[in-house]
Structures are given as C-alpha cells and as structure tokens.
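Have the model open as you read.

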Amino acid sequence: MTKAEILKKEILKQYRSVRKFSLEMKIPYSTLVTALERGIEGMAYGTVIKMCDKLNLNPVDFAPIEKDATLGAQILENRVMQNYMKLNQEGRDKILDLMEDFVQIDKYKAKGKRAKSEG
C-alpha cells in the first residue's frame, strides 16, 4: 500500500470524506484529491507532517501512533531507543542504572503525567 493510499484510508476512516478532512486541514480539496490519486511526493513536507499529526500517523513510515502520544514524543522515544540499541550490554546496564538514579531525584522527575511504568 502506498503512502497516499494509507493516508486516504485513514482520512476516510476518521473523517468519512476527503472533503471534510480538506476543510479541517485548510487544504484545497482539489490539491488533496490530486495528491491522494497521484502520490504525496509532490506535496510540501510541512503539509504532509501536519496531515500525519492530525491523523496520528508516523510521518516516516505512516504507521499509527498511539492516541495519547504526541508526534514529538514518539520521535524522541525512537531516537533514544536507536541510541540505546547501539550500546553493548555494559553500556545498556550503565544507562539503566543512571536512569533509575535520576528518577529518584525530584529535580529530574516529570511533572503532571505519570510514567507508563507507574500505571
């Protein structure tokens, strides 16, 4: 399935019509229809990013993003995991130990939302 086909499927799933989505996004209907038919490669990168964000899709692979996660948080999480996977076991253990230490210090604790592991 092409990225345009994934977008169209998700638009119809969430908005029931391409026209409704185009109005919501403030994208000319004809521009959106053309992109969905011919491919999104010609669309401005920023527009594609905004569409993916609105549809909760990862702009890299167009996979669904968890509803409660922001795009920025998902990208950051992926970046952290990619760097973590580059480490050997000793490096991974050291990072996990450091994170455990930092989580115990109030200065570094996240405010508002609770961590996933806390429930």
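In this predicted model, Leu7, Glu10, Ile11, Gln14 and Tyr15 of H1 meet Met51, Lys54 and Leu55 of H4, where contact means heavy atoms within 4.5 Å. By class, this contact holds five nonpolar residues, one polar and two charged. The axes of the two helices come within 10 Å and cross at roughly 45 degrees. H1 and H4 are therefore oblique to each other, a label for angles that are not under 35 degrees (roughly parallel), over 145 (roughly antiparallel) or 65 to 115 (roughly perpendicular).

Now to the core. The largest nonpolar core has 20 residues, and Leu7, Phe21, Ile40, Met51 and Phe62 have the most contacts inside it. Its members are buried Ala, Val, Leu, Ile, Met, Phe, Trp, Tyr and Cys residues joined through side-chain atoms within 4.5 Å; buried means under 20% relative accessible area, exposed over 50%, and partly exposed in between (1.4 Å probe, protein chains only). H1 gives the largest share of this core, five residues.

Leu87 is found in the loop between H5 (71–85) and H6 (89–103), and is partly exposed, with a relative accessible area of 32%.

Residues are numbered from 1 along each chain as its sequence is written, and side-chain values use heavy atoms, leaving out hydrogens and water. Local features need pLDDT of at least 70 and side-chain atom pairs count only at pLDDT 80 or more, while totals for chains, interfaces and linings use all residues.

Key:
Axes are lines fitted to C-alpha atoms, for helices over the stretch in contact, and angles run from 0 to 180 degrees between N-to-C directions. Helices (H or I, at least four residues) and strands (E, at least two) are DSSP runs, numbered from the N terminus. Ala, Val, Leu, Ile, Met, Phe, Trp, Tyr, Cys and Pro count as nonpolar, Asp, Glu, Lys and Arg as charged, and the others, Gly among them, as polar.
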